[in-house]
Amino acid sequence: MTRTWKRIVLAVALVGLAATLQPVMAACGSFATMTTITDAGRSYIWTEGQFDASYAYPPYVLAYTPPVSPNLDGVWWRLGAGNPTIGLGDDSGAFDFIADGAVYFYGPGAYGSYFGANIFTGWGADGSVDGCIELSDQCSCVLLSDSDGDDTKFALIAARSDANLQTFFEQPGNDGSGNFAAIILKSLPQPNVVQANRNPVTNDLDLIRVRVDPPSQGVYAKDGCQCGPSGYKVLAQILPRGSAAPSTRSLGAWSELPTVGGGAQGETNLGQTIDLESQCGASNVDIWLTAQVFFTDGFSASTVSSNSTRVECGPNYVEEPTQIDRQDRGRKNRPLTPRGSRRR
């Protein structure tokens, strides 16, 4: 059975369960619902660029395009009590957010149509969930991420539990077709290279000043639940000069750059700069940077942001690196010389 059809079968059962919303016994004592579905309607979910919804009831798309890719991933936690280490804290733990059907959608239907996705899961979904939400008026945070190899899209969704320990993530507003406002996964913020200085003796980059700005989209937090994003680390791939830009977002494919002086990075606040170094000067190479973006309680997406501008390192340069200040994010994959001018 394919993942899509597993979700469809699960969705039939979950819609019936959503209609009753009766607690059932589970690992943490009760099934404390977390969902985008309410009696009054629902907020549909999709990944920007993956799914362009035709607004009807519900939003759908033709041409056999699901609302999310097979790379969708997710995690949830109770604000202030989550811990990314399996077995600790109040969070989704080892629960497989995607494979176990917490996000589901219908399709393909007539003429190849797919419909927007929904969330239906909860604390106590099974024994792999760590801890439990215990009181009303507590914030649950859900982080969804989806990657196509060149970029990672995310949605941070948050709301408070009600008196029955149920958490509803429907968003204020209207999509024009009677649904609540949609939850659309948007791009993680990527690194901006502000400055790069080369050591004239070793050709190493003694300083790479980087900034990652807060995202302007992708956060869907209700009820004052401040689940992030909050900070970042800068990771790198160093490739032979002229190589193609990295096309993987897997966290394990990138290495953390040290700070100036050789120290380990901490979490840098979004909007603030960090000074890094790279001992890359022995041969002509290109440095590509990406950002691992953090949310509250230490959680991050399982994939990283799109690439920064390329930074050259090694004996041969078109120009000596001094200042790089790239304002046009839309040109991120066009190689720049160290001062930002185009190669000729």
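**Disulfides in the predicted model**

Mentor: Let us begin with cysteine 141 and cysteine 227, where the torsion about the S-S bond is about -60°, so this disulfide is left-handed. Because cysteine 141 sits in strand 10 while cysteine 227 sits in the loop between strand 18 and strand 19, the pair ties together parts that are 86 residues apart in sequence. The model is a predicted one.

Trainee: Is cysteine 141 buried or exposed?

Mentor: The cut-off for burial is under 20% relative accessible area. Cysteine 141 has a relative accessibility of 0%, so the residue counts as buried.

Trainee: What is the handedness of the link between cysteine 139 and cysteine 225?

Mentor: A disulfide joins cysteine 139 to cysteine 225, with an S to S distance of 2.1 Å. Cysteine 139 belongs to strand 10 (residues 139-147), and cysteine 225 to the loop between strand 18 (219-221) and strand 19 (231-240). With -80° about the S-S bond, the link of cysteine 139 and cysteine 225 is left-handed.

Trainee: How many residues apart in sequence are the parts that cysteine 280 and cysteine 313 tie together?

Mentor: The sulfur atoms of cysteine 280 and cysteine 313 are 1.9 Å apart, and the two residues form a disulfide. The torsion about their S-S bond is about 90°, so this disulfide is right-handed. Since cysteine 280 lies in the loop between strand 22 (273-278) and strand 23 (285-294), and cysteine 313 in strand 24 (residues 311-313), the separation of the parts they tie together is 33 residues.

Note on methods: Residues are numbered from 1 along each chain as its sequence is written. This is a predicted model: local features need pLDDT of at least 70, side-chain atom pairs count only at pLDDT 80 or more; totals for chains, interfaces and linings use all residues. Side-chain values use heavy atoms; hydrogens and water are left out. A disulfide is a pair of cysteine sulfur atoms within 2.5 Å. Helices (H or I, at least four residues) and strands (E, at least two) are DSSP runs, numbered from the N terminus. Buried means under 20% relative accessible area, exposed over 50%, partly exposed in between (1.4 Å probe, protein chains only).
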